[in-house]
Structures are given as C-alpha cells and as structure tokens.
Amino acid sequence: MVPTLVERARAGDEEAFASLARGAGDRLLAIAYRILRDLGLAEDAVQHTLVLAWRELPTLRDVDRFDAWLRRLLVHACYREARRGRRFAANVRVLPVDGPSAPDTTLSVVARDQLERGFRRLPPEQRAVFVFHHHLGLTLPEVAEELGVPLGTVKSRLHYATNTLRAALEADLRSPIESSREHLA
Amino acid sequence: MSTDRLRPTSDFDRIASAWLADGPIELSDRVLDAALREAHLTHQRRRLAGPWRTRLMNRFSSASGRIATALIVAAIAIGGSIYALSRSGGTGGPGGSSTPNVSSSPGATTALVETSPAPSPTFIRSAPPESIPPLTARFTSPRNGYAVVLPAGWTAIPASQAWLPGTPNGWGSAVNDELIDPARQVRFMGTSQPLASGQSGAEWVQAYVDRNTPCTGEGPTPEQTLIGGQPGTIDQNGCLSAHDPRSLGGRVYDVVVVVGGRGYNFEMDGQVDHAYLLAVLATITFNPASAVH
C-alpha cells in the first residue's frame with residue numbers, strides 16, 4: 001500500500017501525499033523531538049521535512065526507501081533547526097534535584113535530569129546517531145546508511161555521545177562521601 | 001538509583017532506552033495542516049533530466065559507446081590543438097589543450113561536448129530565465145570528486161589547485177572548476193575540500209555560511225535542497241551580483257553540501273534562475289574517493 005501511495009505522491013497526487021504525511025508525522029515528530037529536545041523546534045523540523053519531501057519526491061528513485069529517505073531529510077532539518085535555534089541551553093528544564101524522589105519504575109528523576117543536561121551538550125550529529133541507535137534500534141551500519149555517513153563516523157559519534165552521557169550519569173551516581181574521598185586522594 | 005557505578009553497556013543501554021522512550025506521541029493537526037498547506041503551494045521538482053540522462057547512461061554503459069565517445073573526443077582534441085597552434089604560433093598560451101577529457105588535464109581550458117543525441121544547444125542570450133537548456137554534456141572534475149551535466153558547448157577550466165580549509169574560493173580562483181557558456185551569460189563553479197579532523201558536516205556548512213557574504217536573494221536563505229540526492233544548503237539564493245566586478249551580472253546562487261567527508265561548494269551566476277539551478281544540481285554525482293588531496 002505504501003509504495004502505491006508513494007508512487008502516486010511522486011507523480012503529484014496531493015491526497016496521496018497527505019496520507020503519507022499523516023502516517024509518517026507522528027514517527028517523524030518522535031525522532032525530531034528526541035534529537036532536538038524541544039517540541040517547537042521538533043515541529044518546525046517536521047513541517048520543513050514534509051514540505052521538502054513533497055517538493056523532492058519526484059527525485060526519489062526507490063519508493064521502497066521512502067521511510068529512510070524521509071528520516072534522512074528529517075535529520076538534516078533537525079540540524080538546521082539546531083543551528084538556527086541555538087535554544088538548547090535556554091530551554092533546559094531544571095528538575096528538582098533534592099535527591100532521588102519516589103521510586104521510578106525505570107529511571108530516577110535525577111538520572112533523567114542528568115541525561116537531559118548531558119544530551120543537550122551534544123552536537124546534533126551525535127544526538128542523531130544516538131537516537132537512531134538507541135531509540136530506533138538500528139545497527140550501526142544501518143545508521144550509517146540512513147544518515148549517509150561513513151560507519152567509522154557513526155561509531156565515533158556514538159562513542160563520544162555515550163561517554164558524555166555516561167559521565168553525566170556517573171557524576172550523579174557518586175555519593176557525596178565517595179566524591180570527598182576522591183578529592184582527598 | 002543505586003550508588004554503584006554503571007556496569008558497561010547493558011545498564012547504560014537500558015537507561016538510555018528508558019530515557020528516550022519518553023516524548024510526544026502525536027504530531028498536532030496544526031503542524032500537519034500547515035505542512036500540507038505549504039506543500040500545496042509548492043511545485044514539485046520534476047525530473048527534467050530523466051529521459052536524456054537515461055540515454056546518456058545507457059550510451060556510456062556500452063563499450064561501443066565509450067569507443068565512439070573517445071573517438072569524438074580525440075578528433076576534437078586534435079582539431080582544437082591544431083587550431084590553437086595556428087593561433088599562437090606554437091608557443092602555447094591561455095588556450096592550452098582543448099581536449100574534452102578534462103579529467104586528464106586539470107587547469108586546461110576545454111569544451112564540453114554533447115553526450116546524448118540531438119540536443120539543441122540553443123540557450124543563452126535571448127532565452128527567458130526560466131528556459132532551461134538541454135543538459136547533455138558531462139563534466140567530471142579531475143580533482144574535486146564530482147561530476148555535473150551542463151549544456152553542450154560550454155567551456156571548462158578545471159581546477160589546478162587544492163582548496164584548502166579556511167581559504168577563499170572566489171570566481172577566478174584556481175581551486176575552482178569553472179564552466180561557462182559560449183556567450184558568457186551563465187557560469188557554473190564547483191570545488192571541494194576535506195573536512196577538518198573532528199569537524200562535522202554541519203559545522204563545515206555553518207563555517208562556510210558564516211564566512212560568506214550575506215545577501216538578499218529571490219528565495220529564502222538558507223534553503224535546504226537536494227544536490228545529486230544529497231541534502232544541501234543554498235546559502236545565497238538568487239542574489240543580484242551587479243556590484244561584483246568578477247560577476248557576469250544577473251543572479252548568484254551559492255550552494256554547499258557535505259558528502260563522504262568532503263565539503264562541496266557550487267555556484268551559478270549570470271542569466272540563471274532557481275529552476276535552472278535546481279536542474280543542474282540534480283545532475284551532480286559525487287565521488288569523494290576520486291578527489292585529489
């Protein structure tokens with residue numbers, strides 16, 4: 001069904017494109033938000049992606065690659081929004097850091113806050129790789145193919161992103177006593 | 001949360017996945033409707049070059065086609081050389097070799113020849129800006145890792161030097177491949193450079209855009225577009241170029257894209273418009289591995 005819609009949209013059928021956009025919109029927003037960590041920027045990126053997709057659809061050669069092609073357009077729209085917005089720091093949502101609050105089934109509030117802060121320090125290229133790998137569940141070669149960058153670059157970006165986030169988390173996990181000992185030593 | 005240090009990989013992956021699971025789940029109708037409205041007002045980019053490009057590729061894919069093309073190229077090269085020698089008394093000069101095999105002679109001036117049957121290279125002076133001439137002649141950069149298809153009859157001056165990071169590449173620079181139509185009304189320029197160590201593609205693009213002179217053109221700036229299927233940026237979008245003594249007049253378009261670890265810059269100026277630019281950009285193919293470092 002999707003290839004048919006893609007083919008029709010590629011031929012200029014606006015209704016077919018609207019169906020594709022409705023079907024893809026939520027998925028695109030999910031990715032854009034996770035890269036940009038800002039709902040407004042993410043919505044702008046998705047809107048820009050959909051317009052660009054409509055304009056460029058006739059150049060898409062393999063309709064089976066529509067989703068991957070769309071995601072690549074989205075990632076570049078996210079890069080654009082990241083550069084244009086530069087609002088990450090201003091939008092950091094500071095959560096209460098009085099210590100671990102009520103038990104979270106998966107992750108503490110403090111850990112979430114540390115991850116959020118660490119993630120916002122990453123350049124958008126590293127964020128994209130991290131999201132594609134950890135959220136979309138793509139393998140690194142798949143990430144490389146989707147983003148159109150060499151595998152080594154993907155590995156490098158993921159490595160830096162992971163180190164940054166692990167450091168942020170581990171800083172949170174150290175107890176005050178442990179930190180004092182490190183200072184004394 | 002435990003005060004234990006994170007165990008490698010598994011704990012971190014679990015935490016990262018759990019953290020990433022949170023987020024909005026639905027695109028608002030407002031955004032979707034706005035996108036569809038804007039799309040409704042946006043013309044799709046047609047694959048103007050489709051039929052001729054297919055013929056071109058088929059022709060080049062056969063051995064006989066390559067031989068025929070080589071013979072044409074050789075004949076023109078010999079004829080051009082004889083002509084150049086007769087004009088210069090055999091002392092050489094700015095004309096240089098006129099072999100269309102530009103890949104083998106960087107820095108030389110060459111003429112692009114048709115590579116598909118029966119195109120009519122009637123463009124230029126009297127044509128309205130929206131008239132896109134048949135794009136039939138392929139130019140393969142000898143050192144910058146790309147190829148582009150332009151109207152037949154254009155003159156090519158391939159780059160003879162490397163474009164070093166942080167250095168300018170204005171019109172007339174030896175780091176550019178410059179191609180111009182016979183009436184000197186439209187010009188195309190292309191060049192590339194490797195990204196600096198540790199530099200991301202977006203950083204390279206941003207550094208380039210920051211260095212470039214801002215201007216008000218006919219379209220939004222920056223504009224995202226596809227260049228040979230790769231997402232790129234138009235950072236000068238139809239600016240009037242009358243104040244630049246090196247310009248042909250008309251409008252200037254400046255485009256950047258990063259492919260395979262190289263930053264590419266393409267420009268068109270003169271009697272060119274947005275549609276013409278996009279048609280040319282669509283013909284570009286990248287081969288970063290072939291670039292000369």
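Where is Arg37(A) found? I began with this residue and looked it up in the predicted model. Arg37(A) lies in the loop between H2 and H3 of chain A.

**Entry 1: the backbone at Arg37(A)**

I checked the phi of Arg37(A) and got a positive value of about 55°, although the residue is not a glycine. I noted this down because most residues other than glycine have a negative phi. Next I asked myself: is Arg37(A) buried or exposed? Arg37(A) has 21 other C-beta atoms within 10 Å, and the cut-off for buried is 20 or more, so Arg37(A) counts as buried.

**Entry 2: where the two chains touch**

I then turned to the contact between the chains. On chain A, 55 residues are in contact with 40 residues of chain B. I looked for the helices of chain A that each supply at least two residues to this side, and found H2, H3 (39-56), H4 (66-85), H5 (109-120), H6 (124-134) and H8 (151-173). Which of them gives the most? H2(A) does, with 11 residues. Sorted by class, the side of chain A that touches chain B has 29 nonpolar, 12 polar and 14 charged residues.

**Entry 3: H2 against H2**

I paired H2 of chain A (residues 14-36) with H2 of chain B (residues 29-40): their axes come within 11 Å and cross at roughly 150°. Angles over 145 degrees count as roughly antiparallel, so H2(A) is roughly antiparallel to H2(B). I also noted the hand of the crossing, which is right-handed.

Which residues make the contact? From H2(A) I listed Glu14(A), Phe17(A), Ala18(A), Ala21(A), Arg22(A) and Gly25(A). From H2(B) I listed Leu32(B), Ala35(B), Leu36(B), Ala39(B) and His40(B). The residues of this contact divide into seven nonpolar, two polar and two charged.

**Entry 4: a sheet in chain B**

Last, I went over to the strands of chain B. Three of them form an open sheet in the order E2-E3-E11, with antiparallel pairing. Which strands are at the edges? E2 (137-140) and E11 (285-286) of chain B are, as each pairs on one side only. I followed the pairing of E2(B) with E3(B) (residues 146-150), which is antiparallel and runs over four bridges.

Methods
Residues are numbered from 1 along each chain as its sequence is written. Chains are lettered from A and ligands numbered from 1 in the order in which they are written. This is a predicted model: local features need pLDDT of at least 70, side-chain atom pairs count only at pLDDT 80 or more; totals for chains, interfaces and linings use all residues. Axes are lines fitted to C-alpha atoms, for helices over the stretch in contact, and angles run from 0 to 180 degrees between N-to-C directions. Angles under 35 degrees count as roughly parallel, over 145 as roughly antiparallel, 65 to 115 as roughly perpendicular and the rest as oblique. A crossing is left-handed if the near helix is turned anticlockwise from the far one by less than a right angle, and right-handed if clockwise. Two residues are in contact if their C-beta atoms, placed from the backbone, lie within 7 Å. Ala, Val, Leu, Ile, Met, Phe, Trp, Tyr, Cys and Pro count as nonpolar, Asp, Glu, Lys and Arg as charged, and the others, Gly among them, as polar. Two strands pair if DSSP finds at least two bridges between them. A residue is buried if 20 or more other C-beta atoms lie within 10 Å of its own, exposed if 12 or fewer, and partly exposed in between; C-beta atoms are placed from the backbone.
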